[in-house]
Amino acid sequence: NAFAPVHITVTPSFSSDLGKLYLVVFRHDLQPSIIPIDKSAQGAMVRHLEEELQATRDDLQNTIERYESAAENLKVSTEEVVTTNEELRSLNEELESSKEELQSLNEELTTVNQQLETKLREIEVANSDLHNLLTSSDIATICLDQSLRIKWFAPATQKQFNFIASDIGRPISDLSSGLGDSGLIVAAHAVLMKKAVADFEFQVENGRWYIRRVLPYTTDSDQINGVIVTYTDITDIRLAIEAT
């Protein structure tokens with residue numbers, strides 16, 4: 001770009017009805033006047049202004065760079081927030097599904113607990129019936145597992161053969177001599193093998209007569225889980241027969 005010197009003349013005019021006016025005349029100055037430059041004052045001011053302008057440019061450039069960096073960070077953060085929101089939405093859906101499954105499971109557990117409580121009451125009633133039946137019976141009854149160890153025995157067994165609570169869990173072979181029944185072990189093994197009922201009549205040392213019956217102890221699935229041994233005192237019956 002080329003620069004040309006211009007001479008400017010400004011003349012005030014007070015004769016107009018419009019108020020105070022100025023007449024400005026521009027003309028090319030072919031011989032411009034040389035204005036001396038005050039290197040001390042004006043130069044220092046120019047340098048100061050140039051330094052301030054450069055500092056302002058630097059500040060502006062730094063501001064622009066910080067803005068661009070902040071904008072990039074904001075973009076990254078926005079993408080992370082969007083991703084996090086999607087993950088949270090997916091997690092909420094999974095939690096909702098798990099909540100429904102847990103609720104369904106709780107309902108099933110409630111039903112099972114109710115069934116178990118009903119079953120427990122039935123077992124308690126059955127145990128009470130069995131206990132009363134065994135207590136009221138004079139028949140000595142012994143329950144043995146598959147290894148012929150004592151699982152339980154009726155109260156009459158304590159009275160007739162002096163069984164005690166600590167005998168539970170012992171092999172019946174340890175107590176068979178006290179029963180006076182030497183053939184019990186063989187009979188019990190035979191019942192375990194054949195599922196057949198074995199009866200045997202014998203007399204003990206004190207003169208009492210008994211009928212020993214060995215029956216298979218079966219589960220609901222018809223599996224043998226041991227044997228039941230009963231001893232019925234028939235002394236009075238035999239005496240009555242002999243008396244006739």
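1. A salt bridge here is a side-chain nitrogen of Lys or Arg within 4 Å of a carboxyl oxygen of Asp or Glu. Asp 199 and Arg 213 meet that rule, their closest N and O atoms being 2.7 Å apart. This pair links distant parts of the chain, with Asp 199 in strand E5 (residues 198–203) and Arg 213 in strand E6, 14 residues apart. Asp 199 is partly exposed, at a relative accessible area of 45%, and Arg 213 is also partly exposed, at 37%. The model is a predicted one, and the values in this note are to be read with that in mind.

2. The overall make-up comes next. The chain holds 5 helices and 7 strands. In sequence order the pattern reads β-β-α-β-β-α-α-α-β-β-β-α. Of the 244 residues in the chain, 17% are buried.

3. Asp 167 has 4%, which is under the 20% cut-off, so it counts as buried.

4. Strand E3 deserves a point of its own. It has 5 residues and 5 of them are buried, so E3 is largely enclosed by the rest of the structure. In a regular strand, side chains alternate between the two faces of the sheet. In E3, Ala 140, Ile 142 and Leu 144 point one way, while Thr 141 and Cys 143 point the other way, and all are buried.

5. Which strands pair with E3? One is strand E4 (residues 150–153), which runs antiparallel to E3 (residues 140–144) and is joined to it by 3 bridges. Within this pairing, Ile 142 has Phe 153 of E4 as its bridge partner. The other is strand E7 (residues 224–233), paired with E3 in the antiparallel sense over 5 bridges. There, Thr 141 has Thr 230 of E7 as its bridge partner.

6. E3 and E4 form a hairpin with 5 residues between the strands. In this hairpin Leu 148 takes a positive phi near 60 degrees.

7. Aromatic pairs number 6 by the rule used. In one of them, Phe 200 and Phe 202 have ring centres 5.8 Å apart and planes at 10 degrees; planes under 30 degrees apart count as stacked, so this pair is stacked. Phe 200 is partly exposed, with a relative accessible area of 40%, whereas Phe 202 is buried, at 6%. Both belong to one aromatic cluster, whose members are Phe 161, Phe 200, Phe 202, Tyr 210 and Tyr 231.

8. A charged side chain also meets a ring. Arg 238 lies over the face of Trp 209, at 3.7 Å from the ring centre.

9. What makes the nonpolar surface patch of about 600 Å²? Its residues are Val 6, Ile 8, Val 10, Tyr 22, Val 24 and Phe 26. Strand E1 (6–13) and strand E2 (21–28) are the elements that give two or more residues to this patch. Val 24 is placed in strand E2. Its relative accessible area is 39%, so Val 24 counts as partly exposed; patch residues need over 30%.

Terms used. Residues are numbered from 1 along each chain as its sequence is written. This is a predicted model: local features need pLDDT of at least 70, side-chain atom pairs count only at pLDDT 80 or more; totals for chains, interfaces and linings use all residues. Side-chain values use heavy atoms; hydrogens and water are left out. Patches are made of residues with over 30% relative accessible area and no salt bridge: like charges are joined within 9 Å, nonpolar side chains (Val, Leu, Ile, Met, Phe, Trp, Tyr) within 5 Å. Accessible areas come from the Shrake-Rupley method with a 1.4 Å probe; for residues, only the protein chains shown count as cover. Helices (H or I, at least four residues) and strands (E, at least two) are DSSP runs, numbered from the N terminus. Buried means under 20% relative accessible area, exposed over 50%, partly exposed in between (1.4 Å probe, protein chains only). Rings of Phe, Tyr and Trp (its six-membered ring) pair if their centres lie within 6.5 Å; planes under 30 degrees apart count as stacked, over 60 as edge-to-face and the rest as tilted. A charge sits over a ring if NZ of Lys or CZ of Arg is within 6 Å of the ring centre and within 35 degrees of the ring normal. Two strands pair if DSSP finds at least two bridges between them.
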